[in-house]
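Please open the complex in your viewer and keep the selection tool at hand. The tour below moves from whole chains to single residues and then back out again.

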Amino acid sequence: MARSVFGRVEPAAERVVVALDRDRPLVEAARRDPAQFDALYRKYLAQVYAYALYELADHHAAEDATERTFLRALAALPRFREQARAEDGPEASTFRVWLFRIARNVVANERRSRRRRPAASLDAVLGAGLVIADGVDLEGDIVTRDEAATALAVVRSLPDDRRRALLLRFVDEMSTAEIAGVLGRSEGAVRVLIHRALGSVARELGHDRGSGR
Amino acid sequence: MRPTQFPAQGGDPVDALVTDQYLDALLAVGDRRAVTRAAGIPGDPADDRGDEAAEPDADLRRASEVLRASLVRVHPSFRFEEQLAARLAALAASGTRAVAAGGTRSGDVIPFPGMSLASRDDPLLDAVLDGRLDPTDADAVARAAGVRSPARPLIVGGAITSAAISLVGVAWVAWRAARPGGSTMSRAVREAHARRLAAIAELATGVHGGPV
């Protein structure tokens with residue numbers, strides 16, 4: 001039975017909206033006409049896909065996760081509430097935070113269900129997924145292929161929250177405030193997570209240099 | 001320059017703030033070669049700035065550089081992008097659960113060649129469309145997906161509390177059973193009971209200490 005899905009947003013909810021979300025025009029357009037969601041989709045597709053790819057280390061799984069993320073986002077858009085604060089700055093996008101919270105949950109479920117269905121060990125799956133391809137530009141000799149491989153291996157082995165925070169910071173270039181919104185942690189906690197994660201990578205790179213690899 | 005120690009379990013918030021500010025600067029520079037110079041990698045002439053501002057130490061900066069160069073943003077295939085765009089457009093246009101579930105309506109099925117049926121059909125999408133599930137709520141999504149949350153402190157805590165209450169209950173019952181009652185009636189009952197036992201003992205031994 002066909003029935004309407006995308007209802008109008010209640011006036012009371014619209015009053016909650018405050019300034020600052022850089023995506024507000026696109027979000028409002030998508031709320032008026034769901035077909036306009038395409039602009040938001042094109043804008044954030046690569047970010048969501050890259051996040052899923054580094055988390056799942058499998059491009060088919062990353063595509064599935066990306067698909068689910070955007071379909072759920074479109075389905076839930078009428079219930080999205082903008083909550084940017086003045087201190088979040090002019091670049092803040094609560095839509096992006098909201099979208100990545102959906103992506104985080106999709107990816108987390110996928111990782112957990114992989115652990116429950118260990119057709120191959122998670123390490124093997126992760127290890128097979130991402131390699132430094134020959135075509136990847138590593139800026140000449142500034143970063144060596146060994147260093148990059150070591151760094152990726154360490155990132156994969158980090159505890160969940162540290163890995164997520166690091167990926168959101170480097171791959172999606174989110175601010176600490178945005179990552180805090182995605183992970184549901186304080187900004188201070190996110191800074192410490194990233195600091196510790198970087199320490200793990202630095203230690204391992206130091207070991208490699210020490211062992212002459 | 002204030003060197004930063006490698007973070008241990010404690011994780012100094014000040015060092016974390018310094019690292020955060022450094023990353024802000026690092027990630028704000030588009031040209032990665034320029035980043036290396038701006039960040040002041042050891043041995044780089046740009047490092048002779050006499051800058052006394054707080055910065056992470058060289059190893060931490062190097063790790064940041066390597067991650068900046070390694071964790072590149074990758075784009076999905078054009079084919080995938082267009083297929084998903086078409087599916088989103090179909091969902092937006094029809095606004096029906098049928099299309100959301102990958103079903104047929106007016107012949108507008110969007111095929112996803114190369115993907116399994118399971119990957120096309122999100123079992124939670126219906127609940128999201130109906131407003132029964134908030135896709136940003138991690139616990140609700142995990143429950144709906146039938147995935148047990150890894151951390152269950154509430155249940156563990158509840159079990160411990162329950163066990164503790166049980167032990168306290170057993171101890172209390174034992175204490176109450178052993179403790180003589182303090183009421184007048186209790187004392188009277190105990191005295192009557194003691195007298196009766198004494199009388200039985202006298203009868204059994206044939207010794208009469210007085211009139212019974």
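What follows is a series of selections, each with a short account of what is found there.

**Before selecting anything**

This is a predicted model, in which local features need pLDDT of at least 70 and side-chain atom pairs count only at pLDDT 80 or more, while totals for chains, interfaces and linings use all residues. Residues are numbered from 1 along each chain as its sequence is written, and chains are lettered from A and ligands numbered from 1 in the order in which they are written. For the complex, the predictor gives an ipTM of 0.78 and a pTM of 0.66.

**Select chain A, then chain B**

Colour chain A by secondary structure, and you will find ten helices and zero strands, where helices (H or I, at least four residues) and strands (E, at least two) are DSSP runs, numbered from the N terminus. Of the 213 residues of chain A, 47% count as buried; a residue is buried if 20 or more other C-beta atoms lie within 10 Å of its own, exposed if 12 or fewer, and partly exposed in between, with C-beta atoms placed from the backbone.

Chain B likewise comes to ten helices and zero strands, and 23% of its 212 residues count as buried. Two residues are in contact if their C-beta atoms, placed from the backbone, lie within 7 Å. Among contacts with a separation of 6 or more, residues 24 or more positions apart account for 67% in chain A and for 38% in chain B.

**Select the side of chain A that touches chain B**

Here 65 residues of chain A are in contact with 58 residues of chain B. The elements of chain A that give two or more residues to this side are α3 (37-56), α4 (59-76), α5 (94-116), α7 (145-157), α8 (160-170) and α10 (187-210). The largest share, 13 residues, comes from α10(A). By class, this side of chain A divides into 37 nonpolar, eleven polar and 17 charged residues, where Ala, Val, Leu, Ile, Met, Phe, Trp, Tyr, Cys and Pro count as nonpolar, Asp, Glu, Lys and Arg as charged, and the others, Gly among them, as polar.

**Select helix α4 of chain A**

Next, show α4(A), which has 18 residues and reaches 25 Å from its first C-alpha to its last, close to the 26 Å expected at 1.5 Å a residue; the expected span is 1.5 Å times one less than the number of residues. Because 15 of its 18 residues are buried, α4(A) is largely enclosed by the rest of the structure.

L74(A) is buried because 26 other C-beta atoms lie within 10 Å. Y41(A) is 33 residues away from L74(A) in sequence, and their C-alpha atoms are 9.3 Å apart.

Then move along to E63(A), which also has its place in helix α4 of chain A. E63(A) counts as buried, with 24 C-beta neighbours inside 10 Å, and, not counting residues up to four places away in sequence, it touches P76(B) and F80(B).

**Select α7 of chain A with α3 of chain B**

The axes of α7(A) and helix α3 (residues 58-70) of chain B come within 9 Å and cross at roughly 90°; axes are lines fitted to C-alpha atoms, for helices over the stretch in contact, and angles run from 0 to 180 degrees between N-to-C directions. That makes α7(A) roughly perpendicular to α3(B), a description that covers angles of 65 to 115 degrees. At this crossing, E147(A), A148(A), A151(A) and L152(A) meet V66(B), L67(B), A69(B) and S70(B), and the contact has six nonpolar, one polar and one charged residues.

**Colour chain B by pLDDT**

Chain B averages 69, and 56% of the residues score at least 70. Where pLDDT is low, the predicted coordinates should not be read in detail.

How values were computed:
pLDDT = per-residue confidence, 0-100. Parallel < 35°, antiparallel > 145°, perpendicular 65-115°, else oblique.
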